[in-house]
Amino acid sequence: MFQSFREVGNAILFCLLIEQSLSQEEVCDLQHAAPFQNILPRPYCKDGEKPETKLKRLEAKYGPLQVVQTIERLGTPKQASIAKEGDLLTKERLCCGLSVFEVILTRIKSYLDDPLWVGPPPANGVMNVEECTEFHRLWSALQFVYCIPVGENEFTVEQLFGEGLHWAGCAMIVLLGQQRRFEALDFCYHILRVQRVDGKDELVKGIPLKRMVDRIRRFQVLNSQIFAVLNKYLKTSDADSLPVEHVRCYPPPIHQSLAASRPPPGTIYMRADAVLK
């Protein structure tokens, strides 16, 4: 099972590296094309020098290199039209927000449509607390296993499988919309919070508690970094396209004598960006 998760995670990491490489390539293309598009850097000026004068000199120096104006003057109308389209494509390449990695994550998300990943609706209408019917509960059990410290001559899970294992699990949790529940109900995170309060350092069934908590903390940091990267590519910056979430408010309990005169709580509709703040 760990090997299968590792292969999936390595594939996701490979796609992320391709995205980063393409971004660097596009930045280099823009820098190389800048002199041919009349995009000049702000010149350095000493005391008493005017930047407008130096900028005009640079424009005059690189004026013959401007592709669009040169082709409009010396080429055919068809060539001028092609030059304008190429110039516009080069300038607007990074402004469109195109991302290969986002498309890949969306495609992977479309494969996770089996009800097996999310389980039946919770009986209490809010969330499953003790039931293990969602994927994040399975991943919590796996994380608990590889957070247990190994012996002196044994290999750790990070030595055997690298970070691809964690990328696969965290990616599936994010794509299934279970990140918040995983962070709230994970077994290892609960042990970490309890140990921070009581500060115990002892052997529990042959497991050194302090060493296990240190491993849990390292994996918690790694998971948070992976979640941040995935959410950066998945969440759009357009506030108008954010979905509206149904937020149910639970008022404090009231006395039975006042229950008949108090109206039942309704459903409040809020924007997703307001809920996450």
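Tutor: Let's start with helix axes: an axis is a line fitted to C-alpha atoms, for helices over the stretch in contact, and angles run from 0 to 180 degrees between N-to-C directions. Helices (H or I, at least four residues) and strands (E, at least two) are DSSP runs, numbered from the N terminus. Keep in mind that this is a predicted model, where local features need pLDDT of at least 70 and side-chain atom pairs count only at pLDDT 80 or more, while totals for chains, interfaces and linings use all residues. Residues are numbered from 1 along each chain as its sequence is written, and side-chain values use heavy atoms, with hydrogens and water left out.

Student: Okay! At what angle do helix α6 and helix α10 pack?

Tutor: About 55°, and their axes are 7 Å apart. Helix α6 covers residues 135-147, and helix α10 covers residues 187-198. Under 35 degrees counts as roughly parallel, over 145 as roughly antiparallel, 65 to 115 as roughly perpendicular, and the rest as oblique. So α6 is oblique to α10.

Student: Which residues make the contact between α6 and α10?

Tutor: Contact means heavy atoms within 4.5 Å. On the α6 side you'll find Arg137, Ser140, Ala141, Gln143, Phe144 and Cys147, and on the α10 side Phe187, Cys188, Tyr189 and Ile191. Sorted by class, the contact of α6 with α10 has 7 nonpolar, 2 polar and 1 charged residues. For the classes, Ala, Val, Leu, Ile, Met, Phe, Trp, Tyr, Cys and Pro count as nonpolar, Asp, Glu, Lys and Arg as charged, and the others, Gly among them, as polar.

Student: Let me try another pair. How do the axes of helix α1 and helix α5 cross?

Tutor: At roughly 155°, coming within 8 Å; α1 is residues 2-33 and α5 is residues 100-111. That makes α1 roughly antiparallel to α5. Here Ile12, Cys15, Leu16, Glu19 and Leu22 of α1 meet Val100, Phe101, Ile104 and Ile108 of α5. This contact of α1 with α5 divides into 8 nonpolar, no polar and 1 charged.

Student: What does the UniProt annotation say about residues 1-23?

Tutor: The unreviewed entry labels them "signal peptide". UniProt positions are given in the numbering used here, feature names are shortened, and annotations may be inferred rather than shown by experiment. In the model, this span is 96% helix and 0% strand, and its end C-alpha atoms lie 34 Å apart.

Student: Now charges. How many salt bridges does a search of the whole structure find?

Tutor: It finds 4. A salt bridge is a side-chain nitrogen of Lys or Arg within 4 Å of a carboxyl oxygen of Asp or Glu. One of them joins glutamate 72 to lysine 84, with the closest N and O atoms 3.2 Å apart. Glutamate 72 is in helix α3 (residues 67-74) and lysine 84 in helix α4 (residues 77-91), 12 residues apart.

Student: Which residue forms a salt bridge with arginine 215?

Tutor: Glutamate 158, with the closest N and O atoms 3.0 Å apart. Arginine 215 is in helix α11 (residues 209-234) and glutamate 158 in helix α7 (residues 157-161), so the pair ties together parts 57 residues apart in sequence. Arginine 215 counts as buried because its relative accessibility is 6%, whereas glutamate 158, at 30%, is partly exposed.

Student: And where do aspartate 214 and lysine 210 lie?

Tutor: Both lie in helix α11, 4 residues apart, about one turn of the helix.

Student: Where is glutamine 178 found?

Tutor: In the loop between α8 (164-175) and α9 (179-185). Its relative accessible area is 0%, so glutamine 178 is buried. Leaving out residues up to four places away in sequence, glutamine 178 touches Trp117, Val118, Glu134, Phe135, His136 and Ile173.

Student: Zooming out, how many helices and strands are there?

Tutor: The protein has 13 helices and 4 strands. Buried residues make up 27% of its 277 residues. Among contacts between residues at least 6 apart in sequence, 72% join residues at least 24 apart.

Terms used. Buried means under 20% relative accessible area, exposed over 50%, partly exposed in between (1.4 Å probe, protein chains only).
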